[in-house]
Amino acid sequence: MQILGSTSGATGTTVAGFSTSGGSSLSQLNNPSSIVLDDYGTLYVLDTNNYRVMKFLPDEPLGARVAGSGVSGTTLDRIGVSYGMALDRQSNIYVCEYGNNRVTKWMAGNIGNGTIVCIPI
């Protein structure tokens, strides 16, 4: 899955997802739905069908999982179906979990568990 690539005859540059098919390896994405670019050029991708957030450093072909276990679920080590995310200045990740009706915060450097920061009342 390519985040950027050739469309309608235009030429682009692939910056994440160096495979032509979806998958779950460190170089693959499966239905990416949201991206955030930080001030240092690091790209964060919400990899929806792999239930994870991947971090891609500039000019690096492989990403690193920085949130989610790769399996859908309701426990705080997992991300449900999600379509949106945000990043704060400390590189903490906020994931809008559509499937779990919550927003979870994943502290920078902690891929083990998120914390619930918002749930509907």
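Two strands count as paired when DSSP finds at least two bridges between them. Keep that in mind as we walk through this model, which is a predicted one.

Let's start with strand 2 and strand 3. Strand 2 covers residues 43-47, and its antiparallel pairing with strand 3 runs over five bridges. Within that pairing, Tyr 44 sits opposite Lys 55 of strand 3. The two strands make a hairpin with four residues between them, and in this hairpin Tyr 51 has a positive phi near 50 degrees.

Strand 3 has a partner in strand 4 (residues 64-67) too: the two run antiparallel and are joined by three bridges. Lys 55 turns up again here, this time opposite Ala 64 in strand 4. How many of the five residues of strand 3 are buried? Four of them are, so strand 3, residues 52-56, is largely enclosed by the rest of the structure.

Strand 7, residues 102-106, pairs with strand 8 in the antiparallel sense over three bridges, and Thr 104 stands opposite Ile 116 of strand 8.

Thr 104 also leads us to a residue worth a stop. Its side chain is joined to the side chain of Glu 97 by a polar contact of 2.8 Å. Glu 97 itself belongs to strand 6, which spans residues 93-97. Is Glu 97 buried or exposed? With a relative accessible area of 1%, Glu 97 is buried, because anything under 20% counts as such. Leaving aside neighbours within four places in sequence, Glu 97 touches Arg 78, Ile 79, Gly 80, Val 81 and Ser 82, along with Arg 102 and Thr 104.

Last stop: the cysteines. A disulfide is a covalent bond between the sulfur atoms of two cysteines. This structure holds zero of them. Cys 96 is in no disulfide, and the nearest cysteine sulfur, in Cys 118, lies 8.3 Å away. As for accessibility, Cys 96 is partly exposed at 40%, and Cys 118 is partly exposed at 43%.

How values were computed: Residues are numbered from 1 along each chain as its sequence is written. This is a predicted model: local features need pLDDT of at least 70, side-chain atom pairs count only at pLDDT 80 or more; totals for chains, interfaces and linings use all residues. Side-chain values use heavy atoms; hydrogens and water are left out. Buried means under 20% relative accessible area, exposed over 50%, partly exposed in between (1.4 Å probe, protein chains only). A polar contact is a pair of N or O atoms within 3.5 Å; within protein, one must be able to donate a hydrogen and the other to accept it, and residues adjacent in sequence count only if both atoms are side-chain atoms. Contact means heavy atoms within 4.5 Å. A disulfide is a pair of cysteine sulfur atoms within 2.5 Å.
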